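Trainee: I would like to learn how to read a fold. Please take me through one, feature by feature.

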Amino acid sequence: MGILDGKNLLITGVLTDSSIAYHVARLAQEQGATVVLSSFGRAAGLTKRIAGRLPTEVPIVQLDITNADDLANLADEVKKHVPHLDGVLHSIAFAPEAALGGNFLNTEWDDVKVALEISAFSFKSLGMATLPLMQERGGQLLGLDFDATVTWPFYDWMGVSKAALESTCRYLARDLGPKNVRVNLIAAGPLYTTAAKGIPGFDEFGPMWQRRAPIGWDTSDPIPTAKACIAMFSDWFPATTGEIIHVDGGVHSQGGP
Ligand SMILES: NC(=O)c1ccc[n+]([C@@H]2O[C@H](COP(=O)([O-])OP(=O)(O)OC[C@H]3O[C@@H](n4cnc5c(N)ncnc54)[C@H](O)[C@@H]3O)[C@@H](O)[C@H]2O)c1
């Protein structure tokens, strides 16, 4: 028996086998969930290939989180595979190169707005697009965060986007709670994924994190983060919403070294 027996989940953001979302999908199936993935454009081929490694075959629906038609069609597309959703994972982020890597003071709005739309506003878009599938029975909208209460080297406008995501989480919790949907974030420590490799200077995070984490941190191990997502999708956090749960080896709680 698994802790997600009988649950239906929509999981976005499976790109490669390093994607956090891939490990959430795998563990979710192992814990008894029925999983639907989403992908889009050129990424769809990669998603399809990597989805083949999951324990059970999964349908993949079309979703570019910035595309109004995809968002409008999402509930109907998902309904072709499952009648309702118990949980939705938002595992989506992107910032143009000019918005990362120490160019903070010179980044143009055109680049900033792409980062904000794909990495923060999209949490609201996904919540609204899937609301019809969660509202009746209750569900959970879960996103992935990187602690935005402080600055980080190189993270720049993605850091600002994560701060916007954290605030969006609280407002969504306020407005979707009465509609039967809990909204939470998992704030993970640094993990070597495709998105992370796109951040110049990301290599410096690993040793810094290992030094500061009271219980250590392995940048090549997405399992603690994925397990936290599974726990949140289970029945064991029924009264938690608007929350940011840190899965970072404890770094957020330490002032130094
Ligand atoms: N890797 C880390 O160190 C780390 C730490 C904390 C939080 N996170 C967050 O975890 C989430 C997943 O990232 P990841 O590290 O697994 O990397 P990843 O590159 O595997 O996943 C990012 C996903 O975003 C998707 N995406 C980008 N633009 C999109 C769009 N317009 N529409 C739909 N999907 C789009 C990509 O296709 C990809 O699947 C992100 O929100 C990221 O910020 C990552």
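Predicted model: local features only at pLDDT ≥ 70, side-chain atom pairs only at ≥ 80, totals over all residues.

Mentor: Residues are numbered from 1 along each chain as its sequence is written.

Trainee: How many helices and strands are in the chain?

Mentor: Both are DSSP runs, numbered from the N terminus: helices are H or I with at least four residues, strands E with at least two. The chain has eight helices and seven strands.

Trainee: How do I describe two packed helices?

Mentor: Use the angle between their axes and the distance between the axes. Axes are lines fitted to C-alpha atoms, for helices over the stretch in contact, and angles run from 0 to 180 degrees between N-to-C directions. The axes of H1 and H8 (residues 223–233) come within 9 Å and cross at roughly 55°.

Trainee: Which residues of H1 and H8 make the contact?

Mentor: Contact means C-beta atoms, placed from the backbone, within 7 Å. H1 gives Ile20, His23, Val24, Leu27 and Ala28. Residues from H8 include Ile223, Ala226 and Phe233.

Trainee: Which residues are closest to the ligand?

Mentor: Near means a C-beta atom, placed from the backbone, within 6 Å. In the shell of 28 residues, the closest are Ser19, Ala93, Leu144, Thr193 and Ala195. H6 gives the most, with three residues.

Key: Contact = placed C-beta atoms within 7 Å.
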